[in-house]
Amino acid sequence: MAQYSVNMKISPRIMSLLMIAGYVMATRASSNNEETLSKRQTNNYLFKGAPIASVNWTSSDIYNFTWGLTGVNNFENLRFAQNLVATLGTIVAIIFVYRIFVAHLHHVRLIASVGSVASANYFSQPLSKGLCFIQKHILISPLFRRRHNEPLQTRWGQLYLGTLPSRINASFLFAYILSNVLYCTLLLPWNGRVGPDNKFQAPTKAYLVSEFRGRTGVMATVNLIPLFVCMMRNNYVGKSIGVSFNTWNLYHRWAGRIVTLEAFAHMGAWTVNNFDYDGWSGIVASIRKTRFLQMGLMAECALFLIVILSIAPIRHAHYQVFLGSHQICIVFMLIGAWLHCYIDLLPQRRYVTIAMGIWMFERLHRLFTIYRKNLFFGRKWSANAAEIQVVASGEDAVRVSITMNKGWEYKPGQHAYLYIPRLSWTQSHPFSIAWSSVSPSVDESNMLPLTPVSTMAVVDDKSLASKIDFNSTTTLAHRNLLTTKPRTTIHFIISRRHGFTGRLFTAAARGARNRFLDPEKVDDIPKRFLAFVEGPYSNESHSFDSFSTLLFVAGGSGITHPLGYIRHLLEASADNLAAARRIKLAWVVRDRRNIGWVSDWLEELWRIDAGRSVLEIEIYVTRPSRKTTHHEIDMRGGRRVKWFAGRPQMEVILAGMLAPTRLHGQRGALAVNVCGPGSLADNVRAAVREKVDEARIEFSEESFTWS
């Protein structure tokens, strides 16, 4: 129970609320109320009090609409901007309240289920029909039939086209896109408005185009804020509402597309009025002599390059090229947009400044985290080292173990980004932390001297006393409990792919080959690499302590995700801190020898579960070999592992989890978690959707699909 209350993560949520409240107050203070804005507009003053010439927006002279804010209702544009920010903030607040409510329900269920089996069975009852409908058709539903995480590809599988959003995410995205479209088009003054002479005036083409230019420019700068909030790895808003980085990255991509379209529309509207006034020659001449336009064009060009390089096939095929060019283009875009607003003292500069602040804070935060977790400056400079070892059995994979010199609080479900300068100085890749171990830490500078021997005891043995120098005050290294905090070693299982993981496996395999050829030539074996770990990161909404029955489904190297949860649940349930009474792990592999990746950790899980039979393990081999003997099967888990040939039938597995058993009795609430290829996750999701009407089931998945 205490463990779950900690998992609610109150501190980051309070911090997020303070950040949101501070931003809202700053926005309100900077924009003031409607009366102040109206007065500022009436007095023809812009940001920082810079005066502009007064031009009648009803003028028929097109030139008046080719520069400045003539024809732009800046007060109305800022109001739309505030409405958009307020809408997004309201959605975040609603999700935050929902998460708090769900956490409360989990806490109540945990208290009831730990103490009583009957109470646990009470929570196995399905939700009401209305809530079941929402869960089945909205919350965990794919956009169309089954496909969600399985990538879209061309007919021949040569081009990667990305993944489809879930139905709930698609609904949010549709509302977000629709609101921007309405603000920029339908809500323009198509029928005209009251002119300076207090008479209603019909709009001219130049006026409407100018108004559209101002509206799209304002919305493009405002949308920079959610664009950069969604790209943060250290996203305190995401932690507070329990939304994964994978989902934030989806919103980041769509926010970027909206910003790009609005920026292009902003430039296009300026081009239309200038072309009507002076043709293409006038446009070129204006850009050549005006620094204001040059900075805006630089930002537009940077956005164009970002869009081209972000196309899914290009991004997936050359991700590192995309990532490096992406960061460079972001710098040019931000500088260009900020100078574009600064030169003419436009009020939208505040939004660009906020976006720049978010981006710089994220970069500095990550650098500080890497420094704090990996570097140590004492008498000598030291850093973390990664021990890389090729897994002897199964498909090509390596085990990476890193002992953190500074504090690392491991929790189940965490992942981290690895930097290995020997392989690449610029690349970092996310990997799930498969296991953690704690070892005593000894700080040589804190070694305490023992009391001089003469003051400790009286020696009765004369032969022994004659050998002791009582005048000596020799100091001995006292390696006892009076040392620093224990150190955590985190372990990764990384399967071989292309790029970084391929080079990592090659480097580890070369060392293993050298050791085999010349065992005495140990110094030439690259067993340890300088490594930096960025993290930990995790999905804060995943907590399984209140569930009596749990099903973890893993595919391939996705086994690294559930191992930590299973160990935690076994240990917590033994101490009556978790309600778990039945845990099943279904692991899908191509080669049965892959069990060698994690065989020692599985042995540790069975040791924790000794005598209780809470844990069940099933391994499905999709490419069984006829050469494998029954003796080899028994050596890999014996009767504690059930082996199956072929892919799992998730409907059958779920039905078995929901049915009462002779050993575990009734089932209680069921949690289903999947980590693996997109097709496997989609099959598990489809099976859960078919069963939500029969029992209380909660579905969650862990995926890395942003490349």
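A contact here means heavy atoms within 4.5 Å. With that cut-off, residues 24 or more positions apart account for 76% of the contacts in the chain that have a separation of 6 or more. This is a predicted model, in which local features need pLDDT of at least 70 and side-chain atom pairs count only at pLDDT 80 or more, while totals for chains, interfaces and linings use all residues. Residues are numbered from 1 along each chain as its sequence is written, and side-chain values use heavy atoms, with hydrogens and water left out.

**Overall make-up**
- The chain holds 22 helices and 18 strands, which are DSSP runs numbered from the N terminus (helices H or I, at least four residues; strands E, at least two).
- Of the 707 residues in the chain, 48% are buried, a word that stands for under 20% relative accessible area, with exposed being over 50% and partly exposed in between (1.4 Å probe, protein chains only).
- The chain exposes about 36,200 Å², of which carbon and sulfur atoms supply 60%; accessible areas come from the Shrake-Rupley method with a 1.4 Å probe, and for residues only the protein chains shown count as cover.

**Cysteines**
- A search of the whole structure finds zero disulfides, a disulfide being a pair of cysteine sulfur atoms within 2.5 Å.
- Cys-341 is buried, at a relative accessible area of 4%, and Cys-675 is buried as well, at 7%.

**Ser-573**
- Ser-573 lies in helix 18, which covers residues 560-574, and is buried, with a relative accessible area of 9%.
- Leaving aside residues up to four places away in sequence, Ser-573 touches Ala-578, Ala-580 and Arg-612.
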